[in-house]
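Colleague: I have some questions about this model. Let's take them one at a time.

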Protein chains: 2
Amino acid sequence: MTFDRELLRGSLELMVLGELQSGARYGYQILTSLSSRSCGRVNIKAGTLYPILHKLEQESCVRTWWDEQGGRDRKWYALTEAGEARLRRNATEWFDYAATVQMLLAPLLDSLSIARPVVADSGQPPARLPQVDAQALRPPNSRDF
Amino acid sequence: MTFDRELLRGSLELMVLGELQSGARYGYQILTSLSSRSCGRVNIKAGTLYPILHKLEQESCVRTWWDEQGGRDRKWYALTEAGEARLRRNATEWFDYAATVQMLLAPLLDSLSIARPVVADSGQPPARLPQVDAQALRPPNSRDF
DNA sequence: CAACTATATATAGCACGGCAATATATTCGG
DNA sequence: CCGAATATATTGCCGTGCTATATATAGTTG
C-alpha cells in the first residue's frame, strides 16, 4: 500500500493479460478480480481497462464474444496464442526490470532502514556486479530502458 | 534486458535518489554511475535526468553547489534530510509495488514457462491470499495505485 | 415506488513523465 | 584540427493512465 500510481505505468497490460491466463473473463470481472487478488491494492479504473482490452483485441492478443443475456450484456475476453506469447514476454521483461531495480537498491537496505523489503533476489543473474564498465560486458541483443 | 521503457516510469526519481545515497554526485556522474551499476541496463538520458534533479532541488530534497574549476563546471548534488526521507519512502513504495505485482504473477510461473524469474518472494507479507474480498480486510490508511 | 447503488461497457479530453532534439562550451585523443 | 566525450540546460513531442461523462439494467433501501 501507499505507493504512487506512476509505478504501475507500463505494467498494466501485463496485469490484464495475467488475469486472462487462468481463463476467459469479462471486462468488469477483470476489475474486481484484480482488486481482489491484489488485496485491494491494484484498482484499475474502467476508463483505463477498456482501452487496454480494445488495444489487445485489435492486436489479436485476445478473442472476444458477447454474452447477450438481455439487459446487462457482457463482453468476454480470452487469450489467443499471440496473447500468451505477449504475456510471457511481458512477464519476463518485468522480472528483468524488477531484478535490475532491486540490484540498484540493494545497498540501501543496509544503510537506510527500509520497512518491508519483501522482494528478495533469488541468487540468479543479473549478479550484483561491482562498478565495472558494464557497457562492454552486455550481450549484443539486449535492449535498454 | 529487453524491456519496455515505460516500466521505468515512476521509479526514475527513486533511481536518482538512490545514486546520491552513497555520497554527493554531479549530474553527468549520475548518468554514468547508473549505467555502470545497472550493467548498462538503465541508461537515463540527460534530457530526463536534469529536470528530475531540478525538481528535487526545488523541493529541497537535494542541496547543490557548483564546482567552478574553470571551463567544464560541475554542479554537485547531495541529499538533504528531506531527500533521505523521500528516498526511504520511495524505496518502501517500490518494494510494496514489486511484491504486489509479483504476487499477482506468481500463478504464471507454474503454468507458463517464464525464462528467468529472478525475483523471488521472501516469504514475508503480503501473503498469497485466496480470492477473498480484500477491500474490507485492508488497513484504513493504505493508499491505492 | 422512487432513489440510489452496483453492474456493465465505452469514449473524449486532460495531465504528467520521459525522451528526442537542440543549444552551448570545454577537454581530450587521434 | 577535428571529432568524440564531458558537462549542463531547455523546448516540444508522445504515450499512458485517469477524470469525466454517457448509456443502460439490476438490485436494494427508504
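Modeller: Ground rules before the questions: this is a predicted model, where local features need pLDDT of at least 70, side-chain atom pairs count only at pLDDT 80 or more, and totals for chains, interfaces and linings use all residues. Residues are numbered from 1 along each chain as its sequence is written, chains are lettered from A and ligands numbered from 1 in the order in which they are written, and side-chain values use heavy atoms, with hydrogens and water left out.

Colleague: How many bridges join strand 1 of chain B to strand 3 of chain B?

Modeller: Helices (H or I, at least four residues) and strands (E, at least two) are DSSP runs, numbered from the N terminus. Two strands pair if DSSP finds at least two bridges between them. Strand 1 and strand 3 (residues 74-79) of chain B run antiparallel, and the number of bridges joining them is two.

Colleague: Which residue stands opposite B:Arg25?

Modeller: Look in strand 3 of chain B. The residue opposite B:Arg25 is B:Tyr77.

Colleague: What is the strand order of the open sheet in chain B, and why is one side of strand 1 and of strand 2 left without a neighbour?

Modeller: The sheet has three strands with antiparallel pairing, in the order 1-3-2. Strand 1 (25-26) and strand 2 (62-67) of chain B each have a single partner strand, so one side of each lacks a neighbour in the sheet: they stand at the edges.

Colleague: A:Cys39 has a positive phi of about 60 degrees although it is not a glycine. Is A:Cys39 buried or exposed?

Modeller: A:Cys39 lies in the loop between helix 2 (27-37) and helix 3 (46-58) of chain A. The classes are buried (under 20% relative accessible area), exposed (over 50%) and partly exposed (in between), with a 1.4 Å probe and protein chains only. At 11% relative accessibility, A:Cys39 counts as buried.

Colleague: B:Ser60 also has a positive phi of about 60 degrees and is not a glycine. What does B:Ser60 count as, by relative accessibility?

Modeller: B:Ser60 sits in the loop between helix 3 (46-58) and strand 2 of chain B. Its relative accessibility is 46%, so B:Ser60 counts as partly exposed.

Colleague: Which backbone oxygen does the side chain of A:Arg37 reach?

Modeller: A:Arg37 is in helix 2 of chain A. At 17% relative accessibility, A:Arg37 counts as buried. A polar contact is a pair of N or O atoms within 3.5 Å; within protein, one must be able to donate a hydrogen and the other to accept it, and residues adjacent in sequence count only if both atoms are side-chain atoms. At 3.2 Å, the side chain of A:Arg37 reaches the backbone oxygen of B:Leu104.

Colleague: Which residue of chain A does B:Leu14 touch?

Modeller: B:Leu14 lies in helix 1 (residues 12-21) of chain B and, at 3% relative accessibility, counts as buried. Its C-alpha atom is 6.0 Å from that of B:Asn90, 76 residues apart along the chain. Contact means heavy atoms within 4.5 Å. Not counting residues up to four places away in sequence, B:Leu14 touches B:Leu87, B:Asn90, B:Ala91, B:Trp94 and A:Leu105.

Colleague: Now the DNA. Which element gives the most to the surface near DNA strand C?

Modeller: A residue is near a strand or molecule if one of its heavy atoms lies within 4 Å of it. DNA strand C is surrounded by 24 residues, with A:Tyr28, A:Arg74, B:Arg9, B:Gly10 and B:Thr48 the closest. With four residues, the element that gives the most is helix 3 of chain A.

Colleague: How far is a polar side-chain atom of A:Arg74 from a phosphate oxygen of DNA strand C?

Modeller: Of the atoms of DNA strand C within 4 Å of the protein, 73% belong to sugar or phosphate. A backbone N or O atom of B:Gly10 lies 2.8 Å from a phosphate oxygen of DNA strand C. For the polar side-chain atom of A:Arg74, the distance to a phosphate oxygen is 2.2 Å.

Colleague: Which base atom of DNA strand D lies 2.5 Å from a polar side-chain atom of A:Arg9?

Modeller: For DNA strand D, 70% of the atoms within 4 Å of the protein belong to sugar or phosphate and the rest to bases. The side chain of B:Arg9 has an N or O atom 3.3 Å from a base nitrogen of DNA strand D. For A:Arg9, the atom at 2.5 Å is a base oxygen.
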